[in-house]
Amino acid sequence: MREYYRRNLPLYRRETIGFALFLGWVFCTLFGCGLATHDAAIDGTLTNYNLERIWMVSGLFEGLGGLGGIVAARLVPDPAALVRRRGFGAAALACAVAGNMLTWLAWTDRFGTVWAFHVPGGALTGIAVALFAMLWSDRLGSYDEAHVEFAIPLSFTVAFALYFVLLLTKRGSIPFLVLLLAMIALSFWLACRRRGEGRPPAPAARPRPRAHRGLLSFGVLACVSWVQVAFFRVVATPEIMGDRIAHFLIPFTCACVLSLVMLALCLRLSRYLNISLAYRWSLPLFMLSYVPIFIDYGNPTLRLAAYAINFLGMFGVQFDCWLGACKYLRRTGSPALTVFGVYALGEGLGIFLGCLAGLYAVLSLDEKGLMVLSSVLLTAVAFAIMVTGFNPQWVFNRTRSRGEDGAAGATGADGAGPNLDALFEQEARALQASFDLTSRETDVAALLLAGRSRPYIRDELVVPINTVSSHVRSIFSKCGVHSQQELIDLARKGSGAGGEEA
């Protein structure tokens with residue numbers, strides 16, 4: 001554990017902490033709308049659902065931004081180079097700054113044209129969310145699985161803390177606006193600056209699957225999940241608007257703490273972590289969130305509990321889509337413009353449709369009609385998840401099984417060069433013969449010799465991370481080594497010509 005933090009924490013501080021600033025900016029700008037103020041607004045101008053209307057507009061334009069990314073990935077010869085250009089990040093920053101400024105002007109109603117500023121402010125913010133998502137996913141997708149599973153949970157933790165502190169200590173809208181602009185500007189700078197020398201090496205060469213495999217169902221599931229999240233946010237909004245402690249901080253903080261605990265358990269106990277975890281996490285919580293409002297929709301305390309449960313489901317979708325999709329980027333070599341363009345399209349369209357349905361429900365239906373619509377929508381979401389939510393393309397199975405290489409396995413399928421997977425398998429079997437490794441330990445040893453991290457091995461062999469660690473300790477003990485590098489050196493010394501080729 002000490003080695004894990006020693007390796008990843010300096011790399012996180014140096015290269016990926018800006019992702020936390022981006023997330024904190026999103027939470028403060030949209031989910032809690034920290035720019036909102038009721039002190040300087042004209043009486044009668046604002047309603048209880050203006051936050052949701054802004055979110056609906058931003059969702060629509062986030063979806064359009066994601067669609068633009070998908071189109072660009074098909075048109076430009078090198079989508080990865082496009083995302084890494086400083087101009088791409090500068091466009092994202094410009095949209096974020098302009099969106100925040102216009103939203104702030106709308107809330108304070110400086111010029112008496114509140115809705116004229118709300119719509120373009122929400123639109124520019126949505127585009128900024130899509131562009132920054134592509135920017136940071138390209139960066140995170142270049143690191144190994146161990147760092148991705150370290151950086152993303154820690155970034156959400158830091159973002160939660162930023163949200164809590166900023167909203168709790170908010171004193172006027174102008175200082176808050178300045179802080180938001182500083183956060184997103186620093187995130188831009190950290191995302192676009194030159195990567196350091198501590199960046200993990202690229203994965204070993206292997207055949208690449210087609211870039212679009214599994215992405216259609218990924219987009220569909222992102223969409224239906226966010227329809228549920230946005231719809232329920234509107235219908236469960238507690239009737240205590242204006243009190244940021246009760247309306248935002250209490251449910252948001254409870255959901256943050258519980259989601260971090262649940263994610264820690266998933267990291268430790270799950271046999272694989274990929275995109276499907278988002279739906280294994282969220283579906284039970286979506287169902288549970290309806291229980292308080294079905295008991296008594298008019299009870300503000302129960303609606304507050306339902307609001308918190310919905311946040312918990314929302315965080316699960318975000319956590320696991322980022323974890324799974326960034327690992328998908330690394331495994332497949334797919335461009336971030338495509339993968340996170342699909343995610344932004346699904347998330348944005350889902351937010352727009354969910355808010356639209358929610359506003360219709362609360363403004364046009366009685367309580368019975370609202371409950372009927374809620375039940376129908378939840379059933380549709382559950383059905384969509386059942387049909388498409390467990391795409392086999394998301395399960396990172398090993399690309400080669402032991403024993404496939406045969407006697408001539410050291411040569412690639414095209415005969416042009418060495419097959420590194422086969423060489424690592426041969427070295428692992430040599431260690432098995434010399435040190436009496438079990439069959440499963442030999443599987444683990446082959447991946448260790450390939451330089452793979454423990455989270456990667458967990459996903460490949462579909463076993464809990466604790467089981468991987470137990471096998472690694474046993475291998476080190478039997479072979480008389482103390483680290484992965486020492487194991488690699490030992491295997492190379494005893495592998496003869498094969499080791500020199502590798």
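User: Buried means having under 20% relative accessible area. In this predicted model, how many of the eight residues of α17 are buried?

Analyst: Helix α17 spans residues 454-461. Among its residues, P455, Y456, I457, R458, D459, E460 and L461 are buried. Helix α17 is therefore largely enclosed by the rest of the structure, and its buried residues number seven of the eight.

User: Which residue just after α17 takes a positive phi?

Analyst: Within α17, L461 is one of the buried residues. Just after this helix there is a residue with a positive phi of about 55°, and that residue is V462.

User: How many helices does the protein chain have?

Analyst: The protein chain consists of 502 residues, of which 57% count as buried. Its secondary structure includes zero strands, while the number of helices is 20.

User: What share of the contacts with a separation of 6 or more comes from residues 24 or more positions apart?

Analyst: The count concerns contacts in the protein chain whose partners have a separation of 6 or more. Among these contacts, the share belonging to residues 24 or more positions apart is 81%.

User: In which helix is confidence lowest?

Analyst: The protein chain averages a pLDDT of 82, and 81% of the residues score at least 70. Confidence is highest in helix α13 (residues 336-364), with a mean of 93. At the other end, with a mean of 42 over residues 497-501, is helix α20.

User: How many contacts beyond four places in sequence does the model have for residues 196-211?

Analyst: These residues should be read with caution in mind, as pLDDT stays under 50 over residues 196-211. A further stretch, residues 398-417, also has a pLDDT below 50, with 37 contacts beyond near neighbours in sequence. For residues 196-211, the number of contacts beyond four places in sequence is 33.

User: Why does K327 count as buried?

Analyst: A residue is buried when its relative accessible area is under 20%. K327 falls below that cut-off, so it counts as buried, because its relative accessibility is 1%.

User: What is the distance between the closest N and O atoms of K327 and E149?

Analyst: K327 lies in helix α12 and E149 in helix α7, 178 residues apart, and the pair links distant parts of the chain. E149 counts as buried at 6% relative accessibility. The two residues form a salt bridge, in which the closest N and O atoms are separated by 2.9 Å.

User: How many residues apart in sequence are the parts that K327 and D459 tie together?

Analyst: K327 also forms a salt bridge with D459, with the closest N and O atoms 2.6 Å apart. D459 is buried, its relative accessible area being 1%. K327 lies in helix α12 and D459 in helix α17, so the pair ties together parts whose separation in sequence is 132 residues.

User: Which element gives the most to the lining of the largest cavity?

Analyst: There are four cavities of 30 Å³ or more, and the largest has a volume of about 160 Å³. Its lining has 17 residues, of which V26, E62, V129, Q318 and E347 are the closest to its centre. The elements that give two or more residues to this lining are α2, α3, α6, α12 and α13. With five residues, the element that gives the most is α2.

User: How many nonpolar residues does the lining of the largest cavity have?

Analyst: By class, the lining includes two polar and two charged residues. The nonpolar residues in this lining number 13.

User: How far apart in space are S173 and W107, C-alpha to C-alpha?

Analyst: S173 lies in helix α8 (residues 173-192) and is buried, with a relative accessible area of 11%. In sequence, S173 and W107 are 66 residues apart. In space, their C-alpha to C-alpha distance is 9.3 Å.

Conventions: Residues are numbered from 1 along each chain as its sequence is written. This is a predicted model: local features need pLDDT of at least 70, side-chain atom pairs count only at pLDDT 80 or more; totals for chains, interfaces and linings use all residues. Side-chain values use heavy atoms; hydrogens and water are left out. pLDDT is the predictor's confidence in each residue, from 0 to 100. Helices (H or I, at least four residues) and strands (E, at least two) are DSSP runs, numbered from the N terminus. Contact means heavy atoms within 4.5 Å. A salt bridge is a side-chain nitrogen of Lys or Arg within 4 Å of a carboxyl oxygen of Asp or Glu. Buried means under 20% relative accessible area, exposed over 50%, partly exposed in between (1.4 Å probe, protein chains only). On a 1 Å grid over the protein atoms alone, a cavity is a set of points where a 1.4 Å probe fits but cannot get out, and a pocket is an open set with protein on both sides within 12 Å along at least five of seven lines; lining residues have an atom within 4 Å of a point. Grid points are joined across faces, edges and corners, and a volume is the space filled by probe spheres set on the points. Ala, Val, Leu, Ile, Met, Phe, Trp, Tyr, Cys and Pro count as nonpolar, Asp, Glu, Lys and Arg as charged, and the others, Gly among them, as polar.
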